[in-house]
Amino acid sequence: MTGAGSGLMARMPPIEQPSKTEQFAQDARRDRPADEHWTSTRVFPYVELLRDRDDAPLYVGVSGRPAILLRLSGRMRADLDGLGELIRDKGADLFLQGHRLGRYGMVRAVLQLPEYDLIFETPLTLAHGDVQEFLAAAYRNEAVELHLAHANDARSLGLACRAAGIQPVVDAVLDAVRGLRHPTTPAEQDAPVAALEARFPRISDGLSDGTRIRLTVTGRADGVMTMVTRN
């Protein structure tokens with residue numbers, strides 16, 4: 001990784017949980033000889049990464065593509081009808097905040113889509129490789145992909161978005177958690193996540209223009225990921 005993304009990675013804590021990029025590479029190497037040259041190519045739909053995860057955005061940077069993946073349930077919306085057009089017309093908002101919670105630091109991510117009640121909060125830890133890859137790639141590219149699916153709809157939406165103003169927001173996040181530890185396991189995350197929930201009882205609480213990244217649709221994002229591993 002070069003440029004702004006590499007400088008950002010130098011400010012990150014050590015990765016304690018490998019990213020999906022690294023997990024795919026490990027899987028490819030598992031049954032292949034370590035002393036030979038080979039190439040492994042895996043192609044899969046982005047939405048496969050969500051599995052049974054509904055109404056909870058997943059932030060990843062597989063192969064340098066910063067992406068937010070979200071599958072909506074029927075409780076949030078009947079289907080995907082009209083949602084792509086709405087986002088193309090009005091855009092979306094991503095809020096990123098760094099918080100000091102006792103000895104731990106965490107990132108609070110809030111994704112707000114342009115429809116009533118389509119707002120989602122996700123506590124993120126910098127100990128996870130997926131979070132670091134997402135932030136570094138989004139910072140470097142000043143862009144984010146939105147991949148939306150629905151539990152009751154066979155379709156999916158892939159939207160490429162310009163992420164205006166993301167660099168100073170991410171810089172502020174890292175400054176806020178500098179020198180702190182970052183929770184890795186669910187047990188370690190329980191207390192800081194509870195503290196975040198107490199600090200912000202409603203998802204809309206604590207959001208500000210200084211932590212807001214405007215996502216403006218620039219085109220279509222490929223819903224298929226190609227993961228190439230070489231030895």
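**Exercise 1. Is D81 buried, partly exposed or exposed?**

Solution. The model is predicted.
Step 1. Take the relative accessible area of D81, which is 43%.
Step 2. Recall the cut-offs: buried means under 20%, exposed means over 50%, and partly exposed lies in between.
Step 3. Conclude that D81 is partly exposed.

**Exercise 2. Find the salt-bridge partner of D81, and say what the pair links.**

Solution. 
Step 1. The side chain of D81 meets that of R155 in a salt bridge, at 2.6 Å from N to O.
Step 2. Locate both ends: R155 sits in strand β8, and D81 in the loop between β3 and α3.
Step 3. The two residues are 74 residues apart, so the pair links distant parts of the chain.
Step 4. Check R155 too: with 43% relative accessibility, R155 counts as partly exposed.

**Exercise 3. Describe the salt bridge between E145 and R65.**

Solution. 
Step 1. The distance from N to O is 2.9 Å.
Step 2. E145 belongs to strand β7, while R65 lies in the loop between β2 and β3.
Step 3. The pair therefore ties together parts that are 80 residues apart in sequence.
Step 4. Now test burial. E145 has a relative accessible area of 14%, so E145 is buried. R65 is at 19%, so R65 counts as buried.

**Exercise 4. Classify both partners of the salt bridge between R202 and D205.**

Solution. 
Step 1. The closest N and O atoms of this pair are 3.1 Å apart.
Step 2. R202 has 57% relative accessibility, so R202 counts as exposed.
Step 3. D205 has a relative accessible area of 16%, so D205 is buried.

**Exercise 5. In what order do the strands of the open sheet run, and which strands are at its edges?**

Solution. 
Step 1. Read the order of the eight strands: β2-β3-β7-β8-β9-β4-β5-β6. The pairing is mixed.
Step 2. The edge strands are β2 (58-60) and β6 (119-124), since each pairs on one side only.
Step 3. Look at one pair inside the sheet. Strands β4 and β9 run antiparallel, and four bridges join them. Within this region, D93 stands opposite R214 in β9.
Step 4. Helix α4 (residues 129-141) lies across β2, β3, β4, β6 and β7, at about 65° to β2.

Definitions and conventions
Residues numbered from 1 in each chain as written. Predicted model: local features only at pLDDT ≥ 70, side-chain atom pairs only at ≥ 80, totals over all residues. Heavy atoms only, no water. Pairing = 2+ DSSP bridges. Contact = heavy atoms within 4.5 Å. Axes fitted to C-alpha atoms, helices over the stretch in contact; angles between N-to-C directions. Salt bridge = Lys/Arg side-chain N within 4 Å of Asp/Glu carboxyl O. Buried < 20%, exposed > 50% of the residue type's maximum accessible area, 1.4 Å probe, protein only.
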